[in-house]
Amino acid sequence: MEAKELLKASLNEMNIEVNEEICHNFMEYSRLLRKWNEVMNLTAITDEEEIVIKHFADSVSALKAMDIEENATALDIGTGAGFPGLPVKIVRPDIKMTLVDSLNKRVNFLKAVCDKLKLNDIECIHARAEELSRKADKRESFDYCFSRAVASLNVLCEYCLPFVKVGGHLIALKGPNAFNEVDEAKKAIVTLGGELVEIKDISIPYSDLKHNLVVIKKVKQTSSVYPRKGSNISKKPL
């Protein structure tokens, strides 16, 4: 199956509506990803069909966590080459999306993709999460925070939950070790104002890929003590 047809089929299997504009945007994203990857390290996955399944469909599966309301605000922490936030934005253009990464080269790539696809209501920020969440206009101001393959959950919560408003959610894409990570993160979740909602098992169509979506609701404000400095977050997780 060609990449475009594979994209349509896999997203349709997940009950995600796909039109020609969405298909075009994904194919252009794939082209730019492979082109930029020749001069900088964005992904180890370079086959077009694998990009469709392992990056695009996998990222969009984050929307299976829950019904996300129209015009919600969302951010993607440690987005890298844009996953999962940019594919989510492509299929849900109404979502106001912020992509955050600590490496400026990757942010430049993301800006180039957004410009090429003429995406509105999307911001690409070069920053460290623990510093950005201290800014008044970003702290506890998002309905949703997405993250994929960034850190263990106890560490990830300290990076992400300070951004989420009370009543909002953190949606973390995790592998088969998700249940163990949740056990280790119980203290962190509560300390940072969160509450575990569910761990949702996800299978990616046309592949053997499986992962878990860990859904955490923000039930109270995060103490101003958090987040700590990045070195402390990773060396001494909550």
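Tutor: N15 sits in the loop between α1 (3-13) and α2 (20-37); helices (H or I, at least four residues) and strands (E, at least two) are DSSP runs, numbered from the N terminus. The model is predicted, with local features requiring pLDDT of at least 70 and side-chain atom pairs pLDDT 80 or more, whereas totals for chains, interfaces and linings use all residues. Residues are numbered from 1 along each chain as its sequence is written, and side-chain values use heavy atoms, without hydrogens and water.

Most residues other than glycine have a negative phi, and most peptide bonds are trans. N15 is exposed, at a relative accessible area of 65%; exposed means over 50% relative accessible area, computed with a 1.4 Å probe on protein chains only.

K118 also has a positive phi, about 55°, without being a glycine. K118 belongs to the loop between α5 (104-117) and β3 (122-126), and K118 is exposed, with a relative accessible area of 69%.

Peptide bonds give two further entries. F83 and P84 are joined by a cis bond with omega about 10°, and P84 lies in the loop between β1 (73-77) and α4 (85-91). Y226 and P227 are likewise joined in cis, with omega about 5°; P227 falls in the loop between β7 (210-218) and α10 (230-235).

Turning to the pockets, a pocket is an open set of points on a 1 Å grid over the protein atoms alone where a 1.4 Å probe fits, with protein on both sides within 12 Å along at least five of seven lines; lining residues have an atom within 4 Å of a point. The volume of the largest pocket is about 470 Å³, counted as the space filled by probe spheres set on the points, which are joined across faces, edges and corners. Of its 22 lining residues, G78, T79, G80, D101 and V150 are the closest to its centre. The elements giving two or more residues to this lining are β2 (96-101) and α6 (129-132).

The second largest pocket has a volume of about 170 Å³. Among the residues lining this second pocket are K54, D58, R148 and H211, and α3 (48-60), β5 (164-174) and β7 each supply at least two residues of that lining.

Conventions
Buried < 20%, exposed > 50% of the residue type's maximum accessible area, 1.4 Å probe, protein only.
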